[in-house]
Amino acid sequence: MMTSSSKQEKHIILKMSIQVRLNGFSFCIKNCSTNEILWYKKVDLGRESSPVKILEEIEKLYAEEEKLQQEFNEVGILFSNDLFTIVPASFFIEEEASTYLKFNTKILQTDVVAHDLLANELVNVYIPYTNINNYFFDKYGEFEYKHNISVLIDAILAKKQDTKEAQVYLNDYNNYYELVIVQNNKLLLANTFHYETKEDFIYYLLFALEQLDLNPAEVYLWLMGSIVKQTEIYDIAYTYIKNIEFLIPAFNFKSNFERSETFHREAFSLLKNIKCE
């Protein structure tokens with residue numbers, strides 16, 4: 001005879017989102033049956049690491065963390081790196097995908113070139129980390145993977161802000177950031193910039209605005225990721241750009257361990273990548 005508790009267990013839907021970054025990785029587990037975030041883990045490795053080193057650290061976490069030994073109904077991987085380029089869908093030819101990357105990325109013969117279909121007839125062509133994909137395939141079989149900036153772009157374009165002023169979204173990871181700029185619901189720029197100092201940080205931001213002929217005094221800068229107030233990075237940004245806000249994501253879920261807006265901004269892509277339809 002089946003007990004009520006075992007019936008409930010059969011209806012639990014566990015989904016896990018994993019983000020692999022240039023300088024670390026993050027895990028998030030959600031129970032879609034109860035709309036509850038069960039576990040979140042962020043690992044920072046400091047400076048940019050190789051895919052080999054990142055995989056070694058992921059393997060260590062799996063050996064130590066009991067929560068990763070569960071069975072999951074769905075696993076999704078996000079890659080946050082600078083090995084991507086955005087192409088209008090009308091110009092995209094799948095068989096020639098690697099050609100689009102050759103202009104700004106060194107491609108090895110062993111590299112796999114993938115692409116994500118985005119909103120507004122756009123395609124993100126990118127290189128995932130094959131060794132990490134192989135590791136998760138051995139663990140879970142088939143799974144979906146995307147580029148992190150694909151999730152970010154789609155989320156921003158879904159806001160449909162037909163505003164005259166450009167909207168600048170900066171997703172910070174301590175020593176690099178993803179920058180997405182939109183205006184009148186059109187994507188103007190999506191890029192990744194590495195920085196070591198606060199001067200590097202502001203230089204690339206202002207340079208991007210200059211190239212797009214955008215006035216720093218008029219744009220709106222939305223901050224996401226690791227950046228917080230009362231830091232050199234925030235202060236220097238505010239020196240040049242006065243219209244600064246921290247993005248407040250409209251996530252609606254339960255969580256016993258973390259409810260702050262800081263968590264929502266830091267784990268934005270991870271949370272967006274878990275679909276509980």
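Colleague: Which residues does Leu 271 touch, not counting residues up to four places away in sequence?

Modeller: This is a predicted model, so numbered from 1 along each chain as its sequence is written, in which local features need pLDDT of at least 70 and side-chain atom pairs count only at pLDDT 80 or more, while totals for chains, interfaces and linings use all residues. Side-chain values use heavy atoms, without hydrogens or water. Leu 271 is found in helix α9 (residues 268-272); helices are DSSP runs of H or I of at least four residues, strands are runs of E of at least two, and both are numbered from the N terminus. With contact taken as heavy atoms within 4.5 Å, the partners of Leu 271 are Cys 28, Ile 37, Phe 251, Phe 253, Phe 263 and His 264.

Colleague: Is Leu 271 buried or exposed?

Modeller: Relative accessible area decides this: under 20% is buried, over 50% exposed, and in between partly exposed (1.4 Å probe, protein chains only). Leu 271 has 8% relative accessibility, so the residue counts as buried.

Colleague: How do the strands β2 and β3 run, and which residue in β3 is the bridge partner of Phe 25?

Modeller: Two strands pair if DSSP finds at least two bridges between them. Strand β2 (residues 24-31) and strand β3 (residues 36-44) are joined by eight bridges and run antiparallel. Four residues lie between these strands in the hairpin, where Asn 35 takes a positive phi near 55 degrees. The partner of Phe 25 in β3 is Val 43.

Colleague: Which residue in β14 stands opposite Glu 36?

Modeller: Strand β14 (residues 254-255) pairs with β3 in the parallel sense, over two bridges. The residue of β14 opposite Glu 36 is Lys 254.

Colleague: What is the strand order of the open sheet of five strands, and what is the average twist from one strand to the next?

Modeller: The order is β11-β10-β9-β12-β13, with mixed pairing. β11 (186-194) and β13 (244-246) each pair on one side only and are the edge strands. From one strand to the next, the twist averages 20 degrees.

Colleague: What angle does helix α6 make with β10?

Modeller: Helix α6 (residues 198-211) packs on the sheet and touches β9, β10 (176-183), β11 and β12. Angles run from 0 to 180 degrees between N-to-C directions, and axes are lines fitted to C-alpha atoms, for helices over the stretch in contact. For α6 and β10 the angle is about 25 degrees.

Colleague: Which residue in β12 is the bridge partner of Gln 167?

Modeller: Strand β9 (residues 167-172) and strand β12 (residues 220-225) pair in the parallel sense over six bridges. The partner of Gln 167 in β12 is Tyr 220.

Colleague: Which residues of α7 are buried?

Modeller: Helix α7 (residues 232-240) lies across β12 and β13, at about 145 degrees to β13. The cover over its buried residues includes α6, β12 and β13. The buried residues of α7 are Ile 233, Tyr 234, Ile 236 and Ala 237.

Colleague: How are α2 and α4 oriented to each other?

Modeller: Helix α2 (residues 51-64) and helix α4 (residues 130-140) pack at about 25 degrees, with axes 9 Å apart. Angles under 35 degrees count as roughly parallel, over 145 as roughly antiparallel, 65 to 115 as roughly perpendicular and the rest as oblique. The two helices α2 and α4 are therefore roughly parallel.
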